[in-house]
Amino acid sequence: MKIKFSFEAKKEFINSAKFYEGRRHGLGKRFEKEIRKQVGFIQNNPKSAELKYKDIRVLVIKTFPFTIHYKIEKEYIVIVAIFHSSKNPEKLR
């Protein structure tokens, strides 16, 4: 299945990578690489993450305090959020 990112997820991904890169050179790239790796895992195993909300699955990133929230549609897997664990997930609904 193909992957699509919501505007919000793409924005959070870019901003978080910039934040980490500003903290330490190379850390932003490590963050990007880890997120892309996990998105690839989702693409190959779309039903492997826990179904948390009505139709949203959540994959926990172990190396950074983030989760990837996504839903499976007919032709796409839509990444709806790349969410820092300190934020309130109720804001996603």
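**Close-up views of a predicted model**

View 1. H1 lies across S1, S4 and S5. H1 runs at about 45° to S5. The model shown here and in the other views is predicted.

**View 2. Five strands make an open sheet.** The strand order is S1-S5-S4-S3-S2. The pairing is mixed. Strand S1 (2-5) and strand S2 (50-51) stand at the edges. Each has a single partner strand, so one side of each is left without a neighbour in the sheet.

**View 3. S3 and S4 form a hairpin.** Five residues lie between the two strands. Strand S3 (residues 57-60) pairs with S4 in the antiparallel sense, over four bridges. Look for Arg57, whose bridge partner in S4 is Tyr70. Leu59 has Ile68 of S4 as its bridge partner.

**View 4. S4 and S5 form another hairpin.** Here three residues lie between the strands. S4 and S5 run antiparallel and are joined by seven bridges. S4 is mostly covered, with five of its seven residues buried.

**View 5. The largest nonpolar core has 19 residues.** Phe31, Ile35, Ile79 and Ile82 have the most contacts inside this core. Two or more residues come from each of helix H1 (7-23), helix H2 (27-44), strand S4 (66-72) and strand S5 (76-84). H2 gives the most, with five residues.

**View 6. A close look at Ile79 and its contacts.** Neighbours within four places in sequence are left aside here.

Definitions and conventions. Residues numbered from 1 in each chain as written. Predicted model: local features only at pLDDT ≥ 70, side-chain atom pairs only at ≥ 80, totals over all residues. Heavy atoms only, no water. Core = buried A, V, L, I, M, F, W, Y, C linked by side-chain atoms within 4.5 Å. Buried < 20%, exposed > 50% of the residue type's maximum accessible area, 1.4 Å probe, protein only. Contact = heavy atoms within 4.5 Å. Pairing = 2+ DSSP bridges. Axes fitted to C-alpha atoms, helices over the stretch in contact; angles between N-to-C directions.
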